[in-house]
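Subject: Handing over the model

Hi,

Here is the structure I promised to pass on.

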Amino acid sequence: NGPLLEVADLNVIYKTYEGTVAAVNGVEFSLEAGRTLGLVGESGAGKTTTALSIMGLVPSPPGIITSGSVNFAGKNLLSFSEKEMKKIRGNHISMIFQDPMTSLNPVVTVGIQISEALVAHQNLSEAEAEKKAMEMLEKVQIPGQRYREYPHEFSGGMRQRVVIAMALACNPGLIIADEPTTALDVTIQAQVLDLMRSLKEEFSTAMIMITHDLGVVGEVCDHVAVMYAGRIVETGSLEQIFGNARHPYTLGLFRCIPDIEEETSKIRPIEGLMPDPLDLPSGCPFHPRCPQCMDVCRTVVPGVLDDGGHRVMCHLYGKGGAAHA
Ligand code: SF4
């Protein structure tokens, strides 16, 4: 009984007119059934491309998965045909996007949209699927009788809840949520996150929560992987990362979390920008922005130190985990 999901040495490039973009660079992580991994980083870090690789949705062209494996329930999804992946998507792995309208059809009632997946994947009759779809709406705190309404009749927060109901309808082993609350009002964000957390427990679903916000990770995740310029630069349990973050980039992200008790002026964003993916810096990709940059960082890509499952990719941490700065 290995992990539900095991991603190993995943490399994805985009071939563009300007050159080749290394979007995902040797990414590896695993996820046990029922657990939640937060995939964190700024936009352009490779989080979404990692998710699309798992779903078999990397747009090709220009995207090419050049190497790696994505083992889900013991099978390498990268060897699956598109026909086989269609049976996986929505049934065994579902995805929730930032904008609910990415997943919703504006001219079909929400109830039909939830029941379509049930008819397609679970062999339910239309009547059974309708009953189950109404139950799913109730699960996301939407009255079942709103089954016959169209997406435009719902608020943004309710639409995202409809998408959550759709994602969970077939009881998938894994849900990938890509910034699911970023487009919502702050108060609605908290409600949707609460709902996701309780439904995930109820359905025992594993989840990958993609976010730029460590505050969201602290609310719902038990594992954390921090991505920068296509690489995972630090990963560990929630306790390891929140109690003992080591990578200068992770530490910078923590300084970006607004503290409602404190003045917002105390937020210190990380200076500089994510590097141009067409022209990644030599050595450690974070070195142009790193306050602790050393000479070696400019030329040598750091190795990964694994300290009891807390892995960090930084020259500050040599063999044995001692910091030499
Ligand atoms: Fe900073 Fe060097 Fe560590 Fe990169 S390897 S994060 S530049 S200290």
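Two strands count as paired here if DSSP finds at least two bridges between them. Helices (H or I, at least four residues) and strands (E, at least two) are DSSP runs, numbered from the N terminus. This is a predicted model, so bear in mind that local features need pLDDT of at least 70 and side-chain atom pairs count only at pLDDT 80 or more, while totals for chains, interfaces and linings use all residues. Residues are numbered from 1 along each chain as its sequence is written, and side-chain values use heavy atoms, with hydrogens and water left out.

**Strands**

Let me start with β7 (174–178). It pairs with β8 (206–211) in the parallel sense, over 5 bridges, and I175 stands opposite M207 in β8. β7 also runs parallel to β6 (93–96), with 4 bridges joining the two. Across that pairing, I96 stands opposite A177.

How much of β7 is buried? Of its 5 residues, 5 are buried (buried means under 20% relative accessible area, exposed over 50%, partly exposed in between, with a 1.4 Å probe and protein chains only). L174, I176 and D178 point one way from the strand, and I175 and A177 point the other way.

Elsewhere there is an open sheet of 4 strands in the order β2-β1-β4-β5, with antiparallel pairing. Its edge strands are β2 (19–31) and β5 (75–76), each of which pairs on one side only. β1 (5–16) and β2 are joined antiparallel by 10 bridges, and E6 stands opposite S30 of β2.

**Helix α5**

Next, α5 (156–168). This helix has 13 residues and spans 19 Å from its first C-alpha to its last, close to the 18 Å expected at 1.5 Å a residue (the expected span is 1.5 Å times one less than the number of residues). It is largely enclosed by the rest of the structure, because 11 of its 13 residues are buried. Among them are G157, M158, Q160 and R161, along with the run from V162 through V163, I164, A165, M166 and A167 to L168.

What do the buried residues of α5 pack against? Their partners are β6, α3 (110–122), α4 (126–139), β7 and α6 (contact means heavy atoms within 4.5 Å).

**Cavities**

A search of the whole structure turns up 2 cavities of 30 Å³ or more. A cavity, on a 1 Å grid over the protein atoms alone, is a set of points where a 1.4 Å probe fits but cannot get out, and lining residues have an atom within 4 Å of a point. Grid points are joined across faces, edges and corners, and a volume is the space filled by probe spheres set on the points.

The largest cavity holds about 70 Å³ of space. It is lined by 13 residues, and C284, C290, C297, C314 and H315 are the closest to its centre. That lining divides into 9 nonpolar, 4 polar and no charged residues (Ala, Val, Leu, Ile, Met, Phe, Trp, Tyr, Cys and Pro count as nonpolar, Asp, Glu, Lys and Arg as charged, and the others, Gly among them, as polar).

The second largest cavity has a volume of about 60 Å³. By type, the lining has 7 nonpolar, 1 polar and 1 charged.

**Loops and backbone details**

Where are the cis peptide bonds I noted? One joins S60 and P61, with omega about -5°, and another joins P61 and P62, with omega about 10°. P61 sits in the loop between α1 (47–55) and β4 (63–72), and P62 is found in that loop too.

N123, in the loop between α3 and α4, has a positive phi of about 55° although it is not a glycine. At 71% relative accessibility, N123 is exposed. Q141, in the loop between α4 and α5, also has a positive phi, near 65°, without being a glycine. Q141 is exposed, at 56% relative accessible area.

Finally, E116 belongs to helix α3 and is partly exposed, at 48%. E116 and E126 are 10 residues apart in sequence, and their C-alpha atoms are 8.5 Å apart in space.

Over to you!

Notes:
On a 1 Å grid over the protein atoms alone, a cavity is a set of points where a 1.4 Å probe fits but cannot get out, and a pocket is an open set with protein on both sides within 12 Å along at least five of seven lines; lining residues have an atom within 4 Å of a point.
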